[in-house]
Amino acid sequence: MIARQDHPAGQMLADPNRPSFPLNAWYAAAWDVDVKHELFARTICNKKIVMYRRSDGVVAALEDACWHRLVPLSLGRLDGDEVVCGYHGLAYNSQGRCTHMPSQETINPSACVRSYPVVEKHRYIWLWMGDPALADPALVPDLHWNHDPEWAGDGKTIHVKCDYRLVLDNLMDLTHETFVHGSSIGDRSVAEAPFQTTFSDRTATVTRWMRDITPPPFWAGQLGKPGKVDRWQIINFEAPCTIAIDVGVAPTGTGAPEGDRSQGVNGFVLNTITPETDTTCHYFWAFCRNYRIGEQRITHQLREGVTGIFHEDEIVLEAQQRAIDANPGRVFYNINIDSGALWARRLIDRMIDAERPQQKQAAE
Amino acid sequence: MIARQDHPAGQMLADPNRPSFPLNAWYAAAWDVDVKHELFARTICNKKIVMYRRSDGVVAALEDACWHRLVPLSLGRLDGDEVVCGYHGLAYNSQGRCTHMPSQETINPSACVRSYPVVEKHRYIWLWMGDPALADPALVPDLHWNHDPEWAGDGKTIHVKCDYRLVLDNLMDLTHETFVHGSSIGDRSVAEAPFQTTFSDRTATVTRWMRDITPPPFWAGQLGKPGKVDRWQIINFEAPCTIAIDVGVAPTGTGAPEGDRSQGVNGFVLNTITPETDTTCHYFWAFCRNYRIGEQRITHQLREGVTGIFHEDEIVLEAQQRAIDANPGRVFYNINIDSGALWARRLIDRMIDAERPQQKQAAE
Amino acid sequence: MIARQDHPAGQMLADPNRPSFPLNAWYAAAWDVDVKHELFARTICNKKIVMYRRSDGVVAALEDACWHRLVPLSLGRLDGDEVVCGYHGLAYNSQGRCTHMPSQETINPSACVRSYPVVEKHRYIWLWMGDPALADPALVPDLHWNHDPEWAGDGKTIHVKCDYRLVLDNLMDLTHETFVHGSSIGDRSVAEAPFQTTFSDRTATVTRWMRDITPPPFWAGQLGKPGKVDRWQIINFEAPCTIAIDVGVAPTGTGAPEGDRSQGVNGFVLNTITPETDTTCHYFWAFCRNYRIGEQRITHQLREGVTGIFHEDEIVLEAQQRAIDANPGRVFYNINIDSGALWARRLIDRMIDAERPQQKQAAE
């Protein structure tokens, strides 16, 4: 962390001339279990992709359009580890090279479809949508709680009809819990608590401590002890689209704000939101916890509880996207609570501009 | 009435550069009973509006988009007489001024949403969509029959997927009854009867008398007397979009054409058609009568009868709109029966041009 | 046949500045039995048409939009052999001339709707969409098998959401049978057999003989004799959009390749594909045979069998159209099997260019 700024002011415009997402980034395309030895089609960053798991377990991701006549390869079938087009039988290997054409011996050497770098990590299949030479697996965002044996949890995928950045805005400011989720996890204390925003080159963090409060019903139940608590929400953004939220409570006076969380309970809300198109996204989330990790019943309850809460957000986010579409010239006004979202968007814009040489120059 | 012209000739083009409706006018947005102490969303003249009735009974109408992030306020809730946004809890009073922001003490002085002048009259909620300084309640169109104790009646709201002016065209020429409504109120005598068209600055009137005819079944039933009748249809247009049609029959020879309707029965078909968008509209109608006004059974029968008849128009009007959309360059040809519609459109165009100074000049 | 070229190379672009179909051609608009003494609406080559059979049996085809206010005439009714508009009662005769207007004695002499030349032939109603002076009935494509007493068969109409030329591409290369129809008529032998392509000014032909092969189950059943066969597929294209495919098998050694098909069985797959819009079409097909022509059971089985097979094509073709729409700049790459389709498209383009004088010049 190298700097701090609490309340950036002014209006936030999504510049219509700037792409809405960078390409040189790893994007979660699916949960690991979703991709089997069969063709699986999904649009990622405006590109139609067909994925499948090869016999050796490695996942392949190809452009979902036959070189010959554009028919989606996902309408075809797998023959071993090759994809056979369902129209004229052109076959492609997992690197996208055409290996068979009907009624001819020789194959046009240019015949291929684009293949995308793939990494499987933290229970997701990640695709690199930009320059393959830059596809460094070390850049996959940190969501290790998803497979850490000291944490237990599970999650789901939501398809949301909005710009992925609206989901980020939503997660970077949790005061909305009070209003959107008033009937479940919301609580006046969140909207009233002070917070700070910090950032680095690729990350932004919003930290909020609510000290010596009566815990909301959800956390009281998780803690299983009576009395007041210190509650924390630490929102960790990693550009362009991953947010791990460190949440929990500990009995007041047991030292959580100073770093000793041993008497409390701790969860992580893991979120990575992948653009499907400019105005739709795939939202992959999970909730992991470090207590009673052997109790599958709690994993189930938490997953289903979060499902219901996120559905409340989905309704608001899709209405917001429709309002943006209906008001093309309108700006967003910002208030104090937006500082985290503003930093997230700034870091995304820097990644995008870094891919556009002339823009980079202009910004310098 | 200051002039008369029976058959304006030529082609009627909806000028694609001219807006399709004036803004400086009262538009019916809802029936009085539709607006309660809860949030009610409707699009009027391309603007998304949220309406509600305050505790003191006065109706408020605000822009349905939060100043902060554009989320529709209608997704939020009322807190007393204030609207609270369902996303981050910004609150607005009934004038649209922001009165609360989350996590901060001071409120940005520019934080507000647009509010619209409202008048409740003749059983409708009327909104003024243009310059509030010009919103004179005396300009609300005359539909007093809707609440006059000497008249009884009721009506409904229809959402029609067509330019509101196509509904006006339809009502300004009742010869279509013969063809569209041949199985109900239509009758050759309407298409064959002569008519005259008169107009003033803001009104146009089409008058048709069918003398000494056998009444169609509907009117024979309403009159309840045997024998021939004099039948009238007097279509009163008030710009930009209200039409009160004076209809009835009286036994031939009892003096109705000369002004004595005492032996006849009289109804008013009240219509006010509010643009929702350029190609959809809210059509508010009622049928009021001055005979057997205590019989609720007749009110019910007439309302349901008219509902069925207007549904026949709806099918034609929506097909006409689709044909217009599919033939962007095509003109309408006019025949004698179109003189009333032509005057209505001319008066609307004058109102629109009066709001566009440069156009007004060009026309002079 | 005046020339031969086996494998035209390169990329096939549908030029976005060239119309997608010629107008000076006969297009099948309906099966003969579909058009009765009632109004029948269909869009042909982007034009909305209303058809009906007059009392004397002759079919009329008019523009489906009233001269007065554009309302579709197909929403009206027939009065004898005249069409009466369902809105204001304007009447038109079968040549499109207005014969009645409401509330006036004289009729505007320009009042008419466009009428289209019609020919009824080979069980279809054919419309000429271009210059009526060029509408020579001798130019109707040859589909005589449909009513030849030595052939029996039947067919259906499919509405496909794709450019009609994608259906032509599909039919001009039957190797797709192997991949799209692998579970029914497909067979490796088709994709592996050599073929030749020939053409003339208005026709292109792809001929494929598979000699001394084990017949696929369908043809073994039709032939009803054991043993190997010579199988043929001769695809006859007639510009712009008719394809008659001569198919069959005969026992090996009985002389079919040399011209004696007397020991075999022969069918014709008749196809004529009419543009509805630039990206949708009406596909009229039939299957006729010259054996066991009195057995209605076989006619029924073949018609239903082909229905299922063509549904497999429909899925691929509509996916292909969606992929084309989503990739506006993309070209089609061509391989050997595409030579027939390339010739079909070249002949269509020549017809289109012949209707555009400046383009014709440029091409010469």
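## A hairpin in chain B

Let's start with a pair of strands in chain B: five bridges link β14(B) to β15 (residues 203-213), and the two run antiparallel. Together β14(B) and β15(B) make a hairpin, with three residues between them. One pairing to look for is Thr197(B), whose bridge partner in β15(B) is Val206(B). Keep in mind as you browse that this is a predicted model.

## Helix α5 in chain B

Still in chain B, take a look at helix α5, which covers residues 296-326 and has 31 residues. From its first C-alpha to its last, α5(B) reaches 45 Å, close to the 45 Å expected at 1.5 Å a residue.

Several positions on α5(B) are buried: Leu302(B), Val306(B), Phe310(B), Asp313(B), Val316(B), Leu317(B), Gln320(B) and Ile324(B). What sits over them? The cover for these buried residues includes β13 (152-160), α1 (164-172), α2 (176-180) and β19 (280-289), which belong to chain B.

## Where chain C meets chain A

Now over to the chain contacts. On chain C, 19 residues are in contact with 17 residues of chain A. Four elements of chain C each put at least two residues into the side that touches chain A: α2 (176-180), α3 (188-192), α5 (296-326) and β20 (332-333). Which of them gives the most? That would be α5(C), with five residues. Sorted by class, this side of chain C has 11 nonpolar, six polar and two charged residues.

## How the chains are related

Chain C can be laid on chain A by a rotation of 120 degrees with 0.1 Å of shift along the axis, giving an RMSD of 0.1 Å. The two copies are therefore related as by a three-fold rotation axis. In chain C, the C-alpha nearest that axis belongs to Asp325(C), 13 Å away from it.

Chain C also superposes on chain B, through a rotation of 120 degrees with 0.0 Å of shift along its axis (RMSD 0.1 Å). For this axis too, Asp325(C) has the nearest C-alpha in chain C, at 13 Å.

## Two domains in chain A

Chain A splits into domain 1 (37-122) and domain 2 (137-363). How far apart do their C-alpha centres lie? The answer is 36 Å. The two domains of chain A do touch: seven residues of domain 1 are in contact with 11 residues of domain 2.

On the domain 1 side of that contact, β4 (40-44) and β11 (118-121) of chain A each supply at least two residues. The domain 1 residues there divide into three nonpolar, three polar and one charged.

## A four-stranded sheet in chain C

Last stop, chain C again. Here four strands form an open sheet in the order β7-β8-β9-β10, with antiparallel pairing. The edges are β7 (77-79) and β10 (98-100) of chain C, each pairing on one side only. Three bridges join β7(C) to β8 (residues 82-84) of chain C. Within β8(C), Val84(C) is the bridge partner of Arg77(C).

Methods:
Residues numbered from 1 in each chain as written. Chains lettered and ligands numbered in written order. Predicted model: local features only at pLDDT ≥ 70, side-chain atom pairs only at ≥ 80, totals over all residues. Nonpolar A, V, L, I, M, F, W, Y, C, P; charged D, E, K, R; others polar. Least-squares fit on C-alpha atoms with pLDDT ≥ 70 in both. Expected span 1.5 Å × (residues − 1). Buried ≥ 20, exposed ≤ 12 C-beta atoms within 10 Å, placed from the backbone. Domains from an automatic or database assignment. Pairing = 2+ DSSP bridges.
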